[in-house]
Every structure is written in C-alpha cells, then in structure tokens.
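This report walks through the fold of one protein chain. It takes the sheet first, then the helices.

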Amino acid sequence: MNQEIPAYKLQFRVQLSATRRGARLARLLATEELRTWGLPFEAPAQVIAELAANAATHGCVPGRDFRLAVLSDADTLRIEVTDAQGDRLPAVQGRGVRESGHGLVLVEALADRWGVCRGPFPCKTVWAEFDLPMWGR
C-alpha cells in the first residue's frame, strides 16, 4: 500500500552542529524564514528552540550534526528535528518540581500535534505540527 506523502509548498532545511550554538542558530534561521513566509512565528520559534536544544543535549553524538526542517502547505506548519540518537526516544517528563526536562511539556502545550519517527538508522526525527487555519490563513 502506498502512503501519500504531503507535498509542502514552502520548505526550509538546514544542517547544524549539535551544540548550544547550533540550537540557537536553528531558532534564529527558522524564525527569519517564517517571517519571510508571512507566518506567525512566536509559538513555532519556541518549539524549534526546544526541539533543537534537545537534539544538541540528548541527541548529540560526537562529530554528528542535527537537521532542522520547517515545512508548510496551506493548512499545516510542520517542524522536524532529526538527530543521531535513534535509540533515545523523547518522552514528556512528569510535571513535578525540576529545573529542567520540561521542554516537551512546552511543545505539547504549543503545538497541535507532535511525535517521533525512528530512522533512517541511527537517527530519529521529532516533529511538531501547527494548524494554520486557526491563525487566520
């Protein structure tokens, strides 16, 4: 059975070092791209920041980068962050008192949907989607 893959009209892809600097650059570059597309960027920028920081912190393999993709069609904005730690799947941490580990709680609160896909080996991709019609498009 063939699975239909959506064709995104707007696409931005970049490969960055799995460092704090790379994560910060991911947010800055993607925010600027969203501005040029005329899309709201505040909530997506927060999600990008969290997913890129997770890739740099938890998905880091020495010498391996992470990839960011920001994709949009008429109805959906999709963010994908792919790192080299496919064996470490993300999970929402408990909402107890902790100084860190709340990034996916934020992603869950801001995005309409999010999830993770394994592969290609040894990678995984964490994705989040925003429904655009709710933003007045």
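Two strands pair if DSSP finds at least two bridges between them. Helices (H or I, at least four residues) and strands (E, at least two) are DSSP runs, numbered from the N terminus. With those terms set, R118 stands opposite K124 in β5.

The model is predicted: local features need pLDDT of at least 70, side-chain atom pairs count only at pLDDT 80 or more, and totals for chains, interfaces and linings use all residues. Residues are numbered from 1 along each chain as its sequence is written, and side-chain values use heavy atoms, with hydrogens and water left out.

**Overall layout**

The chain holds 3 helices and 5 strands. Along the sequence they follow the pattern β-α-α-β-β-α-β-β. Of the 137 residues, 40% count as buried. Buried means under 20% relative accessible area, exposed over 50%, and partly exposed in between (1.4 Å probe, protein chains only). Contact means heavy atoms within 4.5 Å. Among contacts in the chain with a separation of 6 or more, 63% come from residues 24 or more positions apart.

**The sheet**

The 5 strands form an open sheet in the order β1-β2-β3-β5-β4, with antiparallel pairing. β1 (10-17) and β4 (113-118) stand at the edges; each has a single partner strand, so one side of each is left without a neighbour in the sheet. The twist averages 15° from one strand to the next. Angles run from 0 to 180 degrees between N-to-C directions, and axes are lines fitted to C-alpha atoms, for helices over the stretch in contact.

| Strands | Bridges | Direction |
|---|---|---|
| β2 and β3 | 6 bridges | antiparallel |
| β3 and β5 | 8 bridges | antiparallel |
| β4 and β5 | 6 bridges | antiparallel |

R67 stands opposite T82 in β3. E80 has W127 in β5 as its bridge partner. The hairpin of β4 and β5 has 5 residues between the strands, and there G119 takes a positive phi near 95°.

β5 is mostly covered, with 7 of its 8 residues buried. D83 lies in strand β3. Is D83 buried or exposed? D83 counts as buried because its relative accessibility is 5%. The side chains of D83 and K124 are joined by a polar contact of 2.8 Å. Such a contact is a pair of N or O atoms within 3.5 Å; within protein, one must be able to donate a hydrogen and the other to accept it, and residues adjacent in sequence count only if both atoms are side-chain atoms.

**The helices**

Helix α2 (residues 42-57) has 16 residues. From first C-alpha to last, α2 reaches 23 Å, close to the 22 Å expected at 1.5 Å a residue. That expected span is 1.5 Å times one less than the number of residues.

The buried residues of α2 are P44, A45, V47, I48, L51, A52, A55 and A56. They cover an arc of only 165° around the axis, which puts them on the same side of α2. The arc is that of the directions from the helix axis to the C-beta atoms. On the other side of α2, E42 and T57 are exposed.

What do the buried residues of α2 pack against? Their partners are α1 (20-37), β2 (65-72), β3 (76-83), α3 (103-110) and β5 (124-131).

In α3, the buried residues are G103, L104, V105 and V107. Their cover includes α2, β4 and β5.
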